[in-house]
There are 2 protein chains.
Amino acid sequence: MERAGGGVADETEGEPMTAESGPGPTTTDVGLDATTTDSASQPPGPLVDALRAALDGRWGDVREELRDDPAIGELVYPEEQLTMEEYRERTLAQLPVIARTGAARQGFTVAQGGTGEAGASVTAFETLGCVDLSLLVKAGVQFGLFGGAIANLGTHAHHAAYLPRVLDLSLLGCFAMSELGHGSDVQSLRTTLTHDPETDEIVVDTPDPSARKEYIGNAARDGRTAAVFGRLLVRGENHGVHCVLVPIRDADGAPMPGVTIGDCGPKEGLPGVDNGRLSFDHVRVPRADLLDRYGRIDDDGTYHSPIANPDRRFFTMLGTLVRGRVSVGAGAGAAARTGLALAVTYADRRRQFSAPGTAEEVTLLDYRAHQRRLLPALARSCALAFAQNALVEALDAVQSVESEDEAAQRALEVRAAAIKVAQTAHASRTLQTCREACGGAGYLLENRIARIKADLDVFTTFEGDNTVLLQLVAKGLLTHMRDAFHELDTVGTILFGARQFAGAVVERTTGAGVVQRLISGSGGRLAPTALTDRGGQLDLFEDRERHLVETVAARLRRVPSTDDDPRAAFAAFNAAQDHLLEAALAHADRIVLEAFVAAIDGCDDPAAADLLGTVCDLFALSTIEEHRAWYLEHGRLTTRQSKDVVAGVNALCATVRPHARTLVDAFGIPAVVLDVPMLRDA
Amino acid sequence: MERAGGGVADETEGEPMTAESGPGPTTTDVGLDATTTDSASQPPGPLVDALRAALDGRWGDVREELRDDPAIGELVYPEEQLTMEEYRERTLAQLPVIARTGAARQGFTVAQGGTGEAGASVTAFETLGCVDLSLLVKAGVQFGLFGGAIANLGTHAHHAAYLPRVLDLSLLGCFAMSELGHGSDVQSLRTTLTHDPETDEIVVDTPDPSARKEYIGNAARDGRTAAVFGRLLVRGENHGVHCVLVPIRDADGAPMPGVTIGDCGPKEGLPGVDNGRLSFDHVRVPRADLLDRYGRIDDDGTYHSPIANPDRRFFTMLGTLVRGRVSVGAGAGAAARTGLALAVTYADRRRQFSAPGTAEEVTLLDYRAHQRRLLPALARSCALAFAQNALVEALDAVQSVESEDEAAQRALEVRAAAIKVAQTAHASRTLQTCREACGGAGYLLENRIARIKADLDVFTTFEGDNTVLLQLVAKGLLTHMRDAFHELDTVGTILFGARQFAGAVVERTTGAGVVQRLISGSGGRLAPTALTDRGGQLDLFEDRERHLVETVAARLRRVPSTDDDPRAAFAAFNAAQDHLLEAALAHADRIVLEAFVAAIDGCDDPAAADLLGTVCDLFALSTIEEHRAWYLEHGRLTTRQSKDVVAGVNALCATVRPHARTLVDAFGIPAVVLDVPMLRDA
């Protein structure tokens with residue numbers, strides 16, 4: 001594995017190449033007749049199976065069981081056009097199928113009435129990401145967000161009273177956090193939860209229109225109870241954001257007194273999810289319905305919390321909800337793979353224009369421009385699948401122990417944020433590419449890509465807006481992730497962290513052993529073989545992250561104190577914001593590459609490992625290509641090497657091209673999902 | 001105008017800047033309190049008016065009249081959710097409003113029964129691009145494509161018989177060119193139009209399923225007659241693609257005998273357009289319904305054409321339809337500006353997170369990351385508006401003369417292709433950015449961005465797929481555009497052109513005088529001031545285009561002859577395809593910058609010209625930034641200059657930020673279009 005799988009081929013006809021000399025990678029002439037790896041001579045079946053086993057990861061049996069479940073056929077996107085109301089009805093009616101699979105029950109601990117298999121649960125939801133994202137989100141709201149809030153923020157009495165009804169769907173619920181005025185900055189929520197000692201109730205109130213709960217899934221039509229987040233006021237003191245269970249509809253579905261329910265109406269996608277608006281006019285609920293794991297009110301009306309600092313308490317509460325973010329990334333990964341399976345299969349069959357002098361028309365995927373659009377995206381999808389698997393394993397490890405390892409929890413949050421951003425940004429871009437790569441056929445809903453794209457589009461901005469999450473990642477990088485740092489808001493923590501910063505600590509999330517061995521065994525990024533050598537590629541990724549983190553820390557150290565001049569401090573922070581986000585993105589790229597490397601290292605099938613090595617090269621080089629201006633500006637690559645990167649991506653696209661169908665087949669998208677008219681016609 | 005308006009400011013806190021020395025641009029400290037240009041001290045009204053006049057261009061009166069038309073209010077996107085059938089009904093019902101405006105009539109010559117104001121007609125359609133793209137496309141199909149085919153491919157008898165009914169909507173029609181198997185390669189259409197001398201009829205036939213007409217607007221529901229393209233067979237000889245008028249429905253709307261009509265069903269967007277499928281089973285129409293300007297059949301059954309070569313004839317016929325492509329670019333430009341007006345206005349009002357140590361929350365548009373997302377896109381939208389205006393003037397000039405200047409026609413086609421690609425790619429990317437920049441609010445259809453985005457998405461692949469069009473542009477660049485070169489297919493022409501190629505000829509499409517003066521008066525791209533000096537910026541753009549064209553020509557010259565080894569020839573062509581597309585994109589960027597420069601030169605208002613100068617800097621620098629790896633690799637920029645470009649874009653974003661609302665106000669989007677809940681709430 002020391003040598004990168006497919007290598008970087010030069011192009012003899014490459015524009016700049018021929019004019020220059022000097023040592024370079026092995027020259028391979030590539031073109032329409034692409035070179036193939038050894039694995040091409042194998043029959044596709046076993047190779048597909050071996051690749052699928054690698055991509056499926058630890059909970060492959062969970063995936064296989066769901067793929068073979070005949071229910072998949074009834075869950076998949078409908079052929080006919082439904083009205084919003086019909087689609088909502090359909091999605092609600094599908095929820096029992098999900099409940100039946102056990103995926104929901106796996107997500108709760110044994111003490112909570114589940115089976116305590118967090119990893120299996122997320123994997124099951126991911127597998128369902130190819131059938132209909134409305135269903136995935138609706139189920140996520142019910143079991144993950146509503147159920148998760150009760151499980152993680154409540155205590156035993158809440159678990160006993162509510163979780164069985166969450167699981168058997170006799171109680172449908174909402175997760176009412178976002179407000180119209182505060183979607184990203186949820187620490188500033190304005191809804192009030194006021195303890196009334198006279199009646200020993202919590203009074204839930206929406207003080208002004210900007211405090212209206214907004215975009216709340218399950219609210220517009222089906223939800224009966226909402227987990228409502230607001231600032232808890234006890235004896236006139238504000239204890240920060242807490243969560244209380246509030247009935248919003250009676251048994252007949254009519255809004256409860258004091259509750260105003262609105263409908264967000266039609267959206268770009270997710271037509272089966274009934275997003276709505278909730279306002280509360282001094283609605284009273286028993287004190288017992290405060291989810292009180294992190295803050296309870298005594299019988300005598302005194303507030304107690306195991307975490308004294310309100311900021312730290314708030315971030316700890318948010319941290320327990322990390323699984324939602326992990327699941328959103330998982331769903332996005334599944335959506336991108338589904339889009340690629342459709343577009344790659346189409347491009348492999350569809351022919352357009354004959355080469356001059358020949359009668360035979362050329363398949364779309366034989367055109368370099370088409371390879372350039374789809375194959376680096378395919379490589380990145382593979383990389384992200386491995387990174388997601390590793391993240392889910394980490395989640396499972398953290399959540400399967402009862403004792404709370406706060407440092408591990410913080411590291412998991414940072415990592416979940418990085419992968420969520422990487423997955424959703426990639427999925428959004430890739431589905432757009434897939435739509436365009438299928439031309440007019442991609443625009444028809446019957447061919448599903450446009451439908452998945454529309455559903456997926458909101459993933460980049462919900463469950464944490466990607467820009468906001470990148471700042472959370474940057475905060476983790478500057479405070480070394482494991483420091484439990486929750487006394488300040490994000491910007492404050494970043495500025496504080498920068499002042500304490502003593503050099504970037506590159507923490508390996510996956511495959512630390514093999515990654516270190518590869519880097520040490522190579523000449524690193526400065527060796528002439530850096531681009532073709534896995535250790536060199538790893539070093540190039542790591543070096544970029546380290547440099548960006550260290551230089552942004554140096555800039556932020558010079559920012560004036562917020563106590564002295566808050567406006568100047570913010571302006572100086574703001575001027576470094578693009579730099580900060582870039583550092584966080586570089587971190588995400590690095591941990592994704594490391595996960596890919598670790599997965600290849602763990603792959604027992606030589607042919608599969610060989611092909612994955614080539615795909616990993618394509619991922620590594622296309623990522624370096626995207627940032628090659630940075631590498632040039634910072635003297636990390638010579639202009640000659642930079643041109644080699646471009647030529648290398650072209651060559652690797654040609655090398656991967658004959659295996660493109662094998663790779664998308666290995667994604668294991670059920671045949672019924674890929675049964676669309678454009679593939680029947682082509 | 002010799003100095004670029006806003007200049008490039010260094011950033012004292014810029015990551016790489018402080019570590020290095022050497023001569024650089026003037027240092028300006030920018031941050032939250034952005035610097036402002038002189039024009040900021042003017043009251044906004046006159047500045048908005050002056051900017052609007054500049055952006056509106058020659059047919060500003062046409063735009064103003066439509067903006068003030070009370071009908072706009074009824075045409076704009078519906079608030080309620082309609083079924084596909086209801087939306088189609090609504091869009092059909094709106095067509096008479098368009099017919100009433102005169103925009104359609106302006107599009108035909110006086111001889112054809114119109115008023116011969118091509119430029120005014122396209123401008124009117126562009127202005128309507130902000131209200132509802134379904135309507136724009138439906139009208140475009142009826143008047144532009146169906147009416148345009150009759151006007152441009154037919155002769156007097158067709159004009160007299162059909163165009164009045166096209167204009168008064170008593171005859172609704174389709175443009176049936178694309179086939180399932182051939183969407184981009186329309187020269188290979190398989191539908192047959194066979195002359196039967198016995199009955200003197202044309203027999204229209206769909207020989208196999210791949211020849212089915214696909215994605216045909218107006219076909220699924222409303223069209224009565226289709227302009228059907230297919231290969232004309234006369235006395236057993238194939239004369240290539242021609243067009244014949246075929247009734248597809250009777251007066252009651254039932255399909256005519258032998259015509260099978262399908263429905264493409266729901267699409268990602270454009271719900272008001274009834275795209276359908278047409279198949280013909282030996283359908284007979286009178287010989288007189290062959291549109292015979294470029295190929296007619298005599299009474300004795302002999303075929304005649306003014307253009308002997310079938311390839312040349314085909315491309316000439318296609319060339320007459322250039323207005324459709326110009327209009328698609330225009331509509332995309334309008335859509336992008338509408339999206340930006342919504343997102344910029346939202347970002348200017350919406351606040352999220354307070355700066356540490358302050359109570360006041362920060363507006364989204366004060367964050368650098370948010371400026372980076374929206375403001376370079378805003379600058380590019382301005383640039384494209386000017387380039388579109390210049391293109392429409394050129395179209396008007398070519399189409400207002402009766403005599404056919406073939407060279408001018410060819411140049412117009414190449415330019416229209418380049419601007420169509422630039423506009424649609426920009427609009428697609430920008431609307432995605434706008435959706436994400438508005439978070440959850442952007443995802444709700446009530447706020448319109450997502451709706452426009454979904455409608456617009458197909459613009460990159462219809463009326464010429466962008467990848468295919470870029471090859472058409474490249475063909476023009478290699479054959480010097482004015483050479484009327486239509487004997488070969490695109491790839492063949494490109495290879496032939498490369499062999500004849502004697503150096504890039506940079507033809508200035510707009511503002512040749514001022515552009516040449518600025519470049520000559522500057523030190524050019526090699527001067528230390530190149531980045532801040534308009535002449536230097538122009539030279540950097542031009543140099544990139546020239547180098548890419550010359551090097552791709554050199555590569556293609558070495559391609560083996562297609563006669564000797566067709567497969568090797570194609571493989572070698574294909575290996576250069578990414579290079580070729582890059583050359584075409586660089587050409588588009590260059591003509592867009594030149595149009596911007598010419599427009600500033602023609603702007604009489606000093607404050608408006610000053611602000612436009614700053615916006616032009618942002619366009620120029622953000623474009624160079626996007627390609628700075630290329631500039632570095634080819635020794636066109638030093639690493640220091642490359643970092644200056646990044647810092648310059650940041651500084652210019654801060655400079656433009658206080659004027660962002662002024663600029664989107666200058667787009668002149670009617671208030672009713674911008675009246676959406678997220679802007680009422682914010």
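This is a short talk on how the two chains of this model are built and how they meet.

Okay, so before anything else: what you're looking at is a predicted model. Keep that in mind as we go.

Let's start with one chain by itself. Chain A has 26 helices and 13 strands. Its radius of gyration is 26 Å, close to the 26 Å that the globule rule gives for 682 residues, so chain A is as compact as a globular protein of that length. If you line chain A up along its principal axes, the C-alpha atoms fill a box of roughly 85 × 60 × 40 Å.

While we're inside the chain, have a look at A:R284 and A:E201. Their side chains form a salt bridge, with 2.9 Å from N to O. What I like here is where the two partners sit: A:R284 is in strand β9, residues 283–286, and A:E201 is in strand β3, residues 201–205. That puts them 83 residues apart, so to speak, and the pair links distant parts of the chain. Over all chains, the salt bridge count comes to 104.

Now, the pair of chains. How are chain A and chain B related? A rotation of 180 degrees, with 0.0 Å of shift along its axis, superposes chain A on chain B, and the RMSD is 0.0 Å. That's the relation of a two-fold axis. If you want to find the axis on screen, go to A:A629: in chain A, its C-alpha is the one nearest the axis, 2.2 Å away. And the same surface serves both copies, as 100% of the contact residues of chain A recur in chain B.

So what does that interface look like? On the chain A side, 98 residues are in contact with 99 residues of chain B. The area buried between the two is about 7,900 Å², and carbon and sulfur atoms give 53% of that.

Opposite charges on side chains can pair when the charged atoms come close. Between chain A and chain B there are twelve salt bridges. One of them joins A:R277 to B:E446, with the closest N and O atoms 3.0 Å apart. Polar contacts across the interface come to 56 residue pairs.

Which element of chain A gives the most to the side touching chain B? That's helix α19, residues 566–575, with six residues. By class, that side of chain A has 32 nonpolar, 32 polar and 34 charged residues.

That's my tour, thanks.

Key: Residues are numbered from 1 along each chain as its sequence is written. Chains are lettered from A and ligands numbered from 1 in the order in which they are written. This is a predicted model: local features need pLDDT of at least 70, side-chain atom pairs count only at pLDDT 80 or more; totals for chains, interfaces and linings use all residues. Side-chain values use heavy atoms; hydrogens and water are left out. Contact means heavy atoms within 4.5 Å. Buried area is the accessible area (1.4 Å probe) that two parts lose on being put together, summed over both. A salt bridge is a side-chain nitrogen of Lys or Arg within 4 Å of a carboxyl oxygen of Asp or Glu. A polar contact is a pair of N or O atoms within 3.5 Å; within protein, one must be able to donate a hydrogen and the other to accept it, and residues adjacent in sequence count only if both atoms are side-chain atoms. Helices (H or I, at least four residues) and strands (E, at least two) are DSSP runs, numbered from the N terminus. Ala, Val, Leu, Ile, Met, Phe, Trp, Tyr, Cys and Pro count as nonpolar, Asp, Glu, Lys and Arg as charged, and the others, Gly among them, as polar. Copies are superposed by least squares on the C-alpha atoms of residues with pLDDT of at least 70 in both. The radius of gyration is taken over C-alpha atoms; the globule rule is 2.2 Å times the number of residues to the power 0.38.
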